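Hello,

Here is the structure I promised to pass on. Please open it alongside this note. My findings follow below.

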Amino acid sequence: MFALFRPAMHRAPLPAEHVDTTYRRLRWQIFAGIFIGYAGYYLLRKNFSLAMPYLIEEEGYTRGQLGVAISAVAIAYGLSKFLMGLVSDRSNPRYFLPFGLLLSAAVMFLFGFAHWATSSVTVMFVLLFINGWAQGMGWPASGRTMVHWWSRKERGGVVSVWNVAHNVGGGLIGPLFLLGLGWTNDWHAAFYVPAAVAVLVAVFAFAAMRDTPQSVGLPPVEQYKHDYPEGYDASHEQEFSARRIFVDYVLRNKLLWYIALANVFVYLLRYGVLDWAPTYLKEAKHFSVDTTSWAYFFYEWAGIPGTLLCGWMSDRIFRGNRGLTGIVFMALVTVATLVYWLNPPGNPGIDMAALFAIGFLIYGPVMLVGLQALELAPKKAAGTAAGFTGLFGYLGGSVAASAAMGYTVDHFGWDGGFVMLVAACLLAIAFLLPTLRHTQASSRTREALA
């Protein structure tokens, strides 16, 4: 099957007078494809969380049981983001990204229309595992696209803007759910309404995306922008073997290991708040269904200005020091999490403000981890490097946010769950500390591996 995804063949070079106009046009078009396409993935990533209160009330599931079920997404996504990252580095993202999105939509249609899909924890786990695996095809394809079409000096801004795609998609889940609920009076609309939109998104992404510049007759972006990374030569345009990518550019990269370990705790906080926000706000703060859906929306969309600010600060204020930027944002997230936890019921404005602040701040570190991974490996290994950090983030952090958080709350209440989230903030900072000399160290790493 993966023969379908093989990289496109190089075409004959375009005349020199057409290079600039073609590059400019295609970069806007391709960015729209990966931005809207990746936003489509997030329409289908966390909509199960909106259905969990209904599954608890109407189907009799416990929080721990649903935590186990939803952990399947994190387990599968972590494995897929890494393993499919290896595949994506040797694939055509124009086919790769839309295919994963269509597969994910198919699973959500099953949840929406097949009653057996929520008949047991085992069935839900299997379906959510398939969904998580399909979800892992979005980031690597987007990462491969960005490192081939934008040079290193402009990549920080591009990645930070693209990274808000998951806030756009994730934030739209709540309003789409309310829209579907209003039309059908059926909470299963949380699944099939976003899935229908995602199918249209997949068609658009396929129409807009392209493989490498060489596949449409353009020179490599390094040549076009006169922006060559240290140690760059013609070999960087050749496809690497899977072994070389995995061993030379991932396993032997110490900084990548620190970033991956920090990502465990960044994701534990990110999804520990996001996955349980509807349930926590309803049970502990007595929010209504429509209010929790809008709270979900505000959390996700707060990440848009937060991520853009983080990218700007990382480039302009901290001069490319991604580690220091991440530490500052994680320290502020810790404060916002404490307010979200300790604010007593009956103050919804403070709860919403705290949730908005967490969303505003947490997606910056999420973006920085992905950006550092891209910067620490050659572009032909970018999908695998990003997938490696995602493997840790999802198998460690997101699984804990789902399963461990659910059982912790069942046994120790919401206070126990928030102790775990605050500890995650502090541990993320601890693992970011060794990356403070990221810019200098990454240059030496590239030289050593060249």
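First, a term: the bend at a residue is the angle between two fitted axes, one for the seven residues ending there and one for the seven starting there. Please also keep in mind that this is a predicted model.

Overall picture

The protein has 18 helices and 0 strands. It has 450 residues, and 62% of them count as buried. Take the contacts with a separation of 6 or more: residues 24 or more positions apart account for 85% of them. I also looked for disulfides. The search of the whole structure finds 0. Cys 310 is buried, at 0% relative accessible area. Cys 425 is buried too, with a relative accessibility of 0%.

Helix α2

This is where the bend comes in. Helix α2 covers residues 47-59, which makes 13 residues. A kink of about 30° is centred on Pro 53. What does the end-to-end reach of α2 look like against the expected 18 Å? From first C-alpha to last, α2 reaches 17 Å, close to that expected value. Pro 53 itself is among the buried residues of the helix. Gly 60 follows α2, and its phi is positive, near 80°.

Helices α7 and α8

Two packed helices are described by the angle between their axes and the distance between the axes. Helix α7 spans residues 152-163 and helix α8 spans residues 165-184. Their axes come within 4 Å and cross at roughly 5°. Angles under 35 degrees count as roughly parallel, so α7 and α8 are roughly parallel to each other. On the α7 side, the contact is made by Val 161, Trp 162 and Asn 163. On the α8 side, it is made by Ala 165, His 166 and Asn 167.

Two loop residues

Most residues other than glycine have a negative phi. Which residues have a positive one here? Asn 185 is one, with phi near 55°. Asn 185 sits in the loop between α8 and α9 (189-208). At 70% relative accessibility, Asn 185 is exposed. His 286 is another, with phi near 65°. His 286 lies in the loop between α13 (277-283) and α14. His 286 is exposed as well, at 59% relative accessibility.

Leu 308

Leu 308 belongs to helix α14 (residues 289-317). Setting aside neighbours within four places in sequence, Leu 308 contacts Ser 160, Val 161 and Val 164. Val 161 also takes part in the contact between α7 and α8. Leu 308 and Gly 364 are 56 residues apart in sequence, yet their C-alpha atoms are 7.8 Å apart in space.

Thr 389

Thr 389 is in helix α17 (residues 382-432). How does its relative accessibility class it? Thr 389 counts as buried, because that value is 3% and buried means under 20%. Not counting residues up to four places away in sequence, Thr 389 touches Leu 256, Ile 259, Ala 260, Asn 263, Val 369 and Ala 373.

Over to you.

Best wishes

Definitions and conventions: Residues numbered from 1 in each chain as written. Predicted model: local features only at pLDDT ≥ 70, side-chain atom pairs only at ≥ 80, totals over all residues. Heavy atoms only, no water. Contact = heavy atoms within 4.5 Å. Disulfide = S-S within 2.5 Å. Buried < 20%, exposed > 50% of the residue type's maximum accessible area, 1.4 Å probe, protein only. Expected span 1.5 Å × (residues − 1). Axes fitted to C-alpha atoms, helices over the stretch in contact; angles between N-to-C directions. Parallel < 35°, antiparallel > 145°, perpendicular 65-115°, else oblique.
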